[in-house]
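These are my notebook entries on one structure.

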Amino acid sequence: MRLIYNMSFISPLLLLSLLFSGFESHIISTTYNQSNASIAGQERGEFFSIQTSYDYNRFELNNVSHPKSTELSFWYVLSSNLEFGLQYDGTRLYDSNDGSLLHKANSRIVSFYYRFKLQNMLNIDYKIGAFYGEVSVDGVHLSSNNYELREKSIGYGLVFQKKLFINKIFNTYSYIDVHYILNNHHLKYIENGSLIPNSSRFLRSGLGFVFDFNRFQLAPYITCNDGYCFGGGSFSLVFKKF
(Lines give C-alpha, C1' and ligand atoms only; values in the text may rest on other atoms or scores of the structure.)
Protein backbone atom coordinates (compact mmCIF):
# COMPACT_ATOMS: atom_id res chain seq x y z
CA MET A 1 0.00 0.00 0.00
CA ARG A 2 2.86 2.37 0.84
CA LEU A 3 4.54 1.60 -2.50
CA ILE A 4 1.32 2.36 -4.37
CA TYR A 5 1.01 5.70 -2.57
CA ASN A 6 4.60 6.65 -3.39
CA MET A 7 4.13 5.77 -7.05
CA SER A 8 0.93 7.80 -7.21
CA PHE A 9 2.86 10.76 -5.78
CA ILE A 10 5.88 10.40 -8.08
CA SER A 11 3.87 10.01 -11.27
CA PRO A 12 2.29 13.49 -11.06
CA LEU A 13 5.72 14.93 -10.32
CA LEU A 14 7.11 13.44 -13.52
CA LEU A 15 4.19 14.87 -15.45
CA LEU A 16 4.52 18.27 -13.82
CA SER A 17 8.25 18.33 -14.49
CA LEU A 18 7.32 18.42 -18.18
CA LEU A 19 5.23 21.47 -17.45
CA PHE A 20 8.21 23.14 -15.79
CA SER A 21 10.47 22.39 -18.75
CA GLY A 22 7.72 23.41 -21.16
CA PHE A 23 7.21 26.87 -19.71
CA GLU A 24 10.95 27.19 -19.09
CA SER A 25 9.89 28.47 -15.64
CA HIS A 26 10.64 32.01 -16.81
CA ILE A 27 7.15 33.13 -17.71
CA ILE A 28 7.37 36.68 -16.34
CA SER A 29 10.62 37.70 -18.02
CA THR A 30 9.52 36.01 -21.24
CA THR A 31 6.31 38.03 -21.53
CA TYR A 32 7.62 41.36 -20.17
CA ASN A 33 7.86 44.16 -22.76
CA GLN A 34 9.26 47.69 -22.96
CA SER A 35 7.07 50.78 -23.45
CA ASN A 36 6.99 51.83 -27.11
CA ALA A 37 5.64 55.28 -26.27
CA SER A 38 8.47 55.88 -23.80
CA ILE A 39 11.14 54.92 -26.33
CA ALA A 40 9.58 57.23 -28.93
CA GLY A 41 8.59 59.96 -26.48
CA GLN A 42 11.81 61.67 -25.44
CA GLU A 43 10.44 65.12 -26.39
CA ARG A 44 6.83 64.61 -25.27
CA GLY A 45 7.26 65.43 -21.60
CA GLU A 46 4.53 64.02 -19.39
CA PHE A 47 2.10 61.52 -20.94
CA PHE A 48 0.10 58.33 -20.41
CA SER A 49 -0.02 55.33 -22.75
CA ILE A 50 -1.79 52.00 -23.19
CA GLN A 51 0.01 49.14 -24.94
CA THR A 52 -0.95 45.68 -26.11
CA SER A 53 1.40 43.01 -27.43
CA TYR A 54 1.29 39.57 -29.00
CA ASP A 55 4.03 36.93 -28.66
CA TYR A 56 4.49 33.75 -30.61
CA ASN A 57 6.36 31.76 -27.98
CA ARG A 58 8.09 28.45 -28.59
CA PHE A 59 7.74 26.70 -25.24
CA GLU A 60 9.13 23.22 -25.86
CA LEU A 61 6.44 20.89 -24.50
CA ASN A 62 5.61 17.60 -26.21
CA ASN A 63 2.28 17.21 -28.03
CA VAL A 64 1.21 20.83 -27.71
CA SER A 65 1.19 23.67 -30.17
CA HIS A 66 3.11 26.88 -29.64
CA PRO A 67 1.16 28.95 -27.11
CA LYS A 68 -0.30 32.36 -27.74
CA SER A 69 0.51 35.22 -25.39
CA THR A 70 -1.08 38.67 -25.21
CA GLU A 71 -0.18 41.58 -22.96
CA LEU A 72 -1.95 44.73 -21.83
CA SER A 73 0.26 47.45 -20.31
CA PHE A 74 -0.31 50.89 -18.79
CA TRP A 75 2.58 53.36 -18.73
CA TYR A 76 2.92 56.79 -17.17
CA VAL A 77 5.93 58.97 -18.02
CA LEU A 78 6.69 62.07 -15.96
CA SER A 79 8.43 65.15 -17.33
CA SER A 80 11.22 64.48 -14.82
CA ASN A 81 12.07 61.35 -16.87
CA LEU A 82 10.52 58.93 -14.39
CA GLU A 83 8.60 56.10 -16.04
CA PHE A 84 6.09 53.79 -14.29
CA GLY A 85 4.42 50.73 -15.78
CA LEU A 86 1.75 48.15 -14.95
CA GLN A 87 1.40 45.06 -17.15
CA TYR A 88 -1.00 42.14 -17.31
CA ASP A 89 -0.15 39.13 -19.45
CA GLY A 90 -2.24 36.12 -20.41
CA THR A 91 -0.47 33.10 -21.92
CA ARG A 92 -2.54 30.19 -23.22
CA LEU A 93 -1.19 26.73 -24.10
CA TYR A 94 -3.32 24.54 -26.39
CA ASP A 95 -3.25 20.87 -27.32
CA SER A 96 -1.98 20.50 -30.90
CA ASN A 97 -4.28 17.53 -31.55
CA ASP A 98 -7.73 18.84 -30.64
CA GLY A 99 -7.09 22.52 -29.84
CA SER A 100 -8.27 22.23 -26.24
CA LEU A 101 -6.86 24.55 -23.59
CA LEU A 102 -4.23 22.83 -21.44
CA HIS A 103 -2.78 25.63 -19.32
CA LYS A 104 -3.16 29.34 -18.77
CA ALA A 105 -0.68 31.64 -17.06
CA ASN A 106 -1.67 35.06 -15.73
CA SER A 107 1.15 37.51 -14.97
CA ARG A 108 1.09 40.82 -13.13
CA ILE A 109 4.13 43.10 -13.41
CA VAL A 110 5.05 46.53 -12.05
CA SER A 111 8.11 48.45 -13.27
CA PHE A 112 9.87 51.80 -13.07
CA TYR A 113 12.76 53.42 -14.98
CA TYR A 114 14.71 56.67 -14.96
CA ARG A 115 15.54 58.02 -18.39
CA PHE A 116 18.76 59.88 -19.24
CA LYS A 117 19.18 62.25 -22.18
CA LEU A 118 22.79 62.33 -23.31
CA GLN A 119 24.71 64.63 -25.59
CA ASN A 120 26.95 62.29 -27.56
CA MET A 121 28.06 61.67 -31.12
CA LEU A 122 25.82 58.60 -31.50
CA ASN A 123 22.71 60.31 -30.02
CA ILE A 124 22.01 57.26 -27.87
CA ASP A 125 19.86 57.73 -24.77
CA TYR A 126 19.36 55.16 -22.06
CA LYS A 127 17.26 54.38 -19.01
CA ILE A 128 17.90 52.26 -15.94
CA GLY A 129 15.30 50.54 -13.80
CA ALA A 130 13.70 47.39 -12.52
CA PHE A 131 10.53 45.33 -12.66
CA TYR A 132 8.80 42.89 -10.32
CA GLY A 133 6.23 40.31 -11.36
CA GLU A 134 4.15 37.40 -10.07
CA VAL A 135 2.43 34.69 -12.08
CA SER A 136 -0.01 31.88 -11.38
CA VAL A 137 -0.50 28.90 -13.70
CA ASP A 138 -3.71 26.89 -13.93
CA GLY A 139 -4.36 23.84 -16.07
CA VAL A 140 -5.79 20.37 -16.37
CA HIS A 141 -2.58 18.58 -15.28
CA LEU A 142 -2.13 20.82 -12.26
CA SER A 143 -5.71 20.80 -10.99
CA SER A 144 -6.22 17.06 -11.51
CA ASN A 145 -3.13 16.36 -9.38
CA ASN A 146 -3.91 18.98 -6.69
CA TYR A 147 -0.96 21.23 -7.54
CA GLU A 148 -0.47 24.98 -7.88
CA LEU A 149 2.35 26.59 -9.86
CA ARG A 150 3.55 30.03 -8.76
CA GLU A 151 6.45 32.23 -9.86
CA LYS A 152 8.06 35.54 -8.85
CA SER A 153 10.76 37.46 -10.71
CA ILE A 154 12.79 40.63 -10.21
CA GLY A 155 14.72 42.17 -13.10
CA TYR A 156 17.35 44.94 -13.02
CA GLY A 157 18.53 46.42 -16.25
CA LEU A 158 19.44 48.96 -18.90
CA VAL A 159 17.61 50.05 -22.04
CA PHE A 160 19.51 51.83 -24.84
CA GLN A 161 17.45 53.72 -27.41
CA LYS A 162 18.21 55.76 -30.52
CA LYS A 163 16.25 57.74 -33.10
CA LEU A 164 17.09 56.33 -36.54
CA PHE A 165 15.33 58.62 -39.00
CA ILE A 166 12.42 61.02 -39.44
CA ASN A 167 9.97 61.54 -42.28
CA LYS A 168 6.64 63.32 -42.72
CA ILE A 169 4.57 60.28 -41.72
CA PHE A 170 6.44 58.63 -38.83
CA ASN A 171 9.68 58.54 -36.83
CA THR A 172 11.68 55.37 -36.36
CA TYR A 173 13.54 54.33 -33.20
CA SER A 174 15.53 51.28 -32.17
CA TYR A 175 16.23 49.92 -28.71
CA ILE A 176 18.24 47.23 -26.93
CA ASP A 177 17.36 46.10 -23.41
CA VAL A 178 19.46 43.95 -21.08
CA HIS A 179 18.21 42.77 -17.68
CA TYR A 180 19.58 40.53 -14.96
CA ILE A 181 16.74 38.31 -13.72
CA LEU A 182 16.29 36.74 -10.28
CA ASN A 183 13.60 34.09 -10.66
CA ASN A 184 11.89 31.96 -8.01
CA HIS A 185 9.12 29.45 -8.62
CA HIS A 186 7.53 26.53 -6.81
CA LEU A 187 5.00 23.75 -7.11
CA LYS A 188 2.64 23.54 -4.13
CA TYR A 189 0.82 20.33 -3.25
CA ILE A 190 -2.58 21.64 -2.11
CA GLU A 191 -3.53 18.75 0.17
CA ASN A 192 -0.61 19.04 2.59
CA GLY A 193 0.94 22.38 1.59
CA SER A 194 4.35 20.91 0.69
CA LEU A 195 6.50 22.88 -1.74
CA ILE A 196 8.92 21.97 -4.53
CA PRO A 197 10.97 25.19 -4.80
CA ASN A 198 13.47 26.21 -7.45
CA SER A 199 15.38 29.40 -8.30
CA SER A 200 17.58 30.64 -11.13
CA ARG A 201 19.62 33.65 -12.26
CA PHE A 202 20.03 34.57 -15.92
CA LEU A 203 20.20 37.38 -18.50
CA ARG A 204 17.30 38.63 -20.57
CA SER A 205 17.95 40.74 -23.69
CA GLY A 206 15.82 42.23 -26.43
CA LEU A 207 15.99 44.17 -29.69
CA GLY A 208 13.13 46.14 -31.22
CA PHE A 209 12.13 48.88 -33.67
CA VAL A 210 9.44 51.44 -32.89
CA PHE A 211 7.54 53.22 -35.66
CA ASP A 212 6.06 56.33 -34.08
CA PHE A 213 2.99 57.93 -35.73
CA ASN A 214 2.70 60.60 -33.01
CA ARG A 215 -0.44 59.31 -31.29
CA PHE A 216 0.23 55.60 -31.79
CA GLN A 217 3.24 53.30 -32.19
CA LEU A 218 3.91 49.96 -33.86
CA ALA A 219 6.87 47.84 -32.78
CA PRO A 220 8.23 44.44 -33.88
CA TYR A 221 10.72 42.91 -31.45
CA ILE A 222 12.91 39.90 -30.66
CA THR A 223 13.53 38.77 -27.07
CA CYS A 224 16.15 36.31 -25.82
CA ASN A 225 15.38 34.86 -22.41
CA ASP A 226 18.14 32.74 -20.86
CA GLY A 227 19.36 31.76 -24.34
CA TYR A 228 15.90 31.10 -25.82
CA CYS A 229 14.68 33.62 -28.46
CA PHE A 230 11.26 34.44 -29.88
CA GLY A 231 9.52 37.29 -31.70
CA GLY A 232 6.42 39.43 -31.34
CA GLY A 233 4.77 42.74 -32.05
CA SER A 234 3.04 45.48 -30.06
CA PHE A 235 0.75 48.48 -30.51
CA SER A 236 0.42 51.48 -28.19
CA LEU A 237 -1.66 54.66 -27.88
CA VAL A 238 -0.46 57.92 -26.32
CA PHE A 239 -2.63 60.29 -24.27
CA LYS A 240 -1.77 63.73 -22.92
CA LYS A 241 -1.27 64.22 -19.20
CA PHE A 242 -4.36 64.41 -17.02
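I took helices (H or I, at least four residues) and strands (E, at least two) as DSSP runs, numbered from the N terminus. The model is a predicted one, so I kept to pLDDT of at least 70 for local features and 80 or more for side-chain atom pairs, while totals for chains, interfaces and linings use all residues. Residues are numbered from 1 along each chain as its sequence is written, and side-chain values use heavy atoms, with hydrogens and water left out.

Entry 1, confidence.
I read pLDDT as the predictor's confidence in each residue, from 0 to 100. The chain averages 78, and 74% of the residues score at least 70. I found the lowest confidence in helix α1 (residues 2–23), with a mean of 43, and the highest in β9, at 91. Over residues 20–24 the pLDDT is below 50, and this stretch has 15 contacts in the model beyond near neighbours in sequence; contact means heavy atoms within 4.5 Å. Residues 58–65 also stay under 50, and there the model has 26 contacts beyond four places in sequence.

I located W75 in strand β2 (residues 68–77). Is W75 buried or exposed? W75 counts as buried because its relative accessibility is 1%; the classes are buried under 20% relative accessible area, exposed over 50% and partly exposed in between (1.4 Å probe, protein chains only). Leaving aside neighbours within four places in sequence, W75 is in contact with residues including Y32, F47, F48, F84 and S111. I also noted A37, which is 38 residues from W75 in sequence and 8.4 Å away in space, C-alpha to C-alpha.

Strands β9 (residues 216–225) and β10 (residues 228–240) run antiparallel and are joined by 10 bridges; two strands pair if DSSP finds at least two bridges between them. F216 stands opposite L237 in β10. The hairpin has two residues between the strands, and D226 takes a positive phi near 55° there. I found another positive phi, about 75°, at N214, which is not a glycine. N214 lies in the loop between β8 and β9.

I counted a disulfide where a pair of cysteine sulfur atoms lies within 2.5 Å, and the count came to one. C224 and C229 form it, with their sulfur atoms 2.0 Å apart. The torsion about the S-S bond of C224 and C229 is about 105°, so the disulfide is right-handed. C224 is partly exposed at 24% relative accessibility, and C229 is partly exposed at 39%.

I paired rings of Phe, Tyr and Trp (its six-membered ring) if their centres lie within 6.5 Å, with planes under 30 degrees apart as stacked, over 60 as edge-to-face and the rest as tilted. The count came to 10 aromatic pairs. Why is the pair of Y114 and F116 edge-to-face? The planes of Y114 and F116 are at 70°, with the ring centres 5.0 Å apart, so the pair falls in that class. Y114 is partly exposed at 34%, as is F116 at 26%. The rings of F170 and F213 have centres 5.1 Å apart and planes at 45°, so the pair is tilted. This pair links distant parts of the chain, 43 residues apart, with F170 in the loop between β6 (147–166) and β7 (171–189) and F213 in the loop between β8 (195–212) and β9. Ring pairs link F165, F170, F211, F213, F216 and F235 into a cluster.
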